[in-house]
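Hi,

Here is the structure I promised to pass on to you. My notes on its charged and aromatic contacts follow below it.

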Amino acid sequence: MTRVINFSAGPATLPLPVLEYAHDEFLDFEGTGMSLIEHSHRGAAYAKVHEETKVLFRELLDIPDTHEVLFMQGGASAQFALVPMNLRAPAQSADYVMTGAWSDKALSEAKITGDAREAGTGKVDGKYTRIPTQSELDLDENAAYAHYTTNNTIMGTQFHYVPQTGEVPLVADMSSDILCRPIDVSKYGLIYAGAQKNLGPAGITILILRKDLADRSPDTLPKIFRYSTILAGDSLQNTIPTFAVYMVRNVLRWVQDLGGASAMERRNREKADLIYGMIDENPDFFRCPVERESRSIMNPVFRLPTEELEKTFIAEAAHAGMVGIKGHRSVGGIRTSIYNAMEPSDVERFVDFAKAFAKGAG
Ligand SMILES: *Cc1c(COP(=O)(O)O)cnc(C)c1O
């Protein structure tokens with residue numbers, strides 16, 4: 001078996017020990033004579049997995065009692081629609097900080113069912129290349145909530161501060177950087193994240209909801225879409241994608257074994273420093289379009305001198321066993337997604353390759 005080094009933005013690489021563990025017990029889950037995915041979502045075998053996953057989240061992100069961990073389906077994209085439908089009253093508006101393609105989508109979905117406005121932007125000359133500072137935000141103190149995207153998977157930018165929104169609940173799309181570092185959950189009304197970037201396979205969305213906000217879910221919303229239903233039903237109101245939750249649990253155990261969220265942050269900064277170091281040390285060949293203070297430690301992006309060279313670079317990297325580095329089609333260039341699971345030694349290999357390529361082409 002030869003596994004490649006997978007820099008894909010999502011679904012993304014998972015820790016090899018996690019895949020091997022699932023592989024080993026796939027046919028017979030803990031001596032029950034059947035696979036976990038053949039067990040009832042209401043049975044004892046799955047119940048343990050469900051509970052442990054929530055407990056691990058609570059421990060790893062130091063989640064206070066005011067908040068609950070929920071699991072939903074439909075990806076982060078479903079939350080673009082469900083956040084306003086649950087948290088915004090008919091007469092209210094909601095604030096959106098605009099920092100990339102996913103913020104654009106979140107805002108446009110929110111506008112379908114009511115009022116929503118831009119509360120700041122990271123656009124410079126028509127491109128999202130930076131994160132606005134707190135003083136650049138234009139917040140409405142009567143907003144139902146203020147929404148932002150903590151890490152912009154496509155643009156390669158990331159918030160390195162938590163916006164202050166006063167009494168207005170802060171809502172964060174953390175799909176591509178949840179658990180990449182410690183966070184203060186008490187500052188948030190709602191955090192949501194599709195699992196397939198930093199937590200596990202596609203199929204499950206994790207929500208960390210301040211429980212009092214579930215009271216806002218209106219009776220006019222079908223029950224299955226209400227946060228109040230999911231909270232009251234412990235995310236088991238209907239059949240949950242049990243395998244996805246199980247894989248997330250295995251990833252969380254792995255994170256815990258490595259030392260938790262602060263260990264992840266050290267590991268991620270080490271990898272990001274390798275890539276940004278390579279870019280900054282070779283300014284004639286590599287160029288990062290993102291403002292320095294706004295650089296993502298999850299999805300570093302960069303350009304080569306020409307698109308022709310970028311094509312050759314991607315092809316030669318693939319030949320050397322490194323895949324998934326083509327930038328998103330909307331922005332081009334190179335993107336190296338280096339989520340928690342990416343090994344520092346694999347990033348070193350990539351950087352060695354990139355430096356040799358620059359030398360050869362220069
Ligand atoms: C990938 C991504 C999404 C979309 O996630 P789906 O689960 O495919 O809906 C939303 N927001 C961010 C920041 C993402 O990286």
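E30 is partly exposed, with a relative accessible area of 39% (buried is under 20%, exposed over 50%, partly exposed in between, with a 1.4 Å probe and protein chains only). Its salt-bridge partner is K48, with the closest N and O atoms 3.2 Å apart; a salt bridge here needs a side-chain nitrogen of Lys or Arg within 4 Å of a carboxyl oxygen of Asp or Glu. K48 is exposed, at 55% relative accessible area. The pair links distant parts of the chain, 18 residues apart: K48 sits in helix α2 (residues 44-60), E30 in the loop between α1 (16-24) and α2. Helices (H or I, at least four residues) and strands (E, at least two) are DSSP runs, numbered from the N terminus.

Before you go further: this is a predicted model, where local features need pLDDT of at least 70 and side-chain atom pairs count only at pLDDT 80 or more, while totals for chains, interfaces and linings use all residues. Residues are numbered from 1 along each chain as its sequence is written, and side-chain values use heavy atoms, with hydrogens and water left out.

Searching the whole structure gives 16 salt bridges. In another of them, R249 pairs with E52, the closest N and O atoms being 3.4 Å apart. R249 belongs to helix α6 and E52 to helix α2, so this contact ties together parts 197 residues apart in sequence. R249 is buried, at a relative accessible area of 1%, whereas E52 is partly exposed at 24%. Shared partners join E52, R249 and R253 into one network of salt bridges.

Now the rings. There are 19 aromatic pairs in the whole structure, counted for rings of Phe, Tyr and Trp (its six-membered ring) with centres within 6.5 Å; planes under 30 degrees apart are stacked, over 60 edge-to-face, and the rest tilted. F243 and Y246 make a tilted pair, 5.8 Å centre to centre with 40 degrees between the planes. Both lie in helix α6 (residues 242-258), 3 residues apart, about one turn of the helix. Y246 is buried at 3%, but F243 is partly exposed at 30%.

F285 and F357 are also tilted, with ring centres 6.1 Å apart and planes at 55 degrees. This pair spans 72 residues, from the loop between α7 (260-281) and β13 (301-302) to helix α9 (residues 344-361). F285 is buried at 10%, and F357 is buried at 9%. Both belong to one aromatic cluster, together with F7, F286, F302, F313, F350 and F353.

Best wishes
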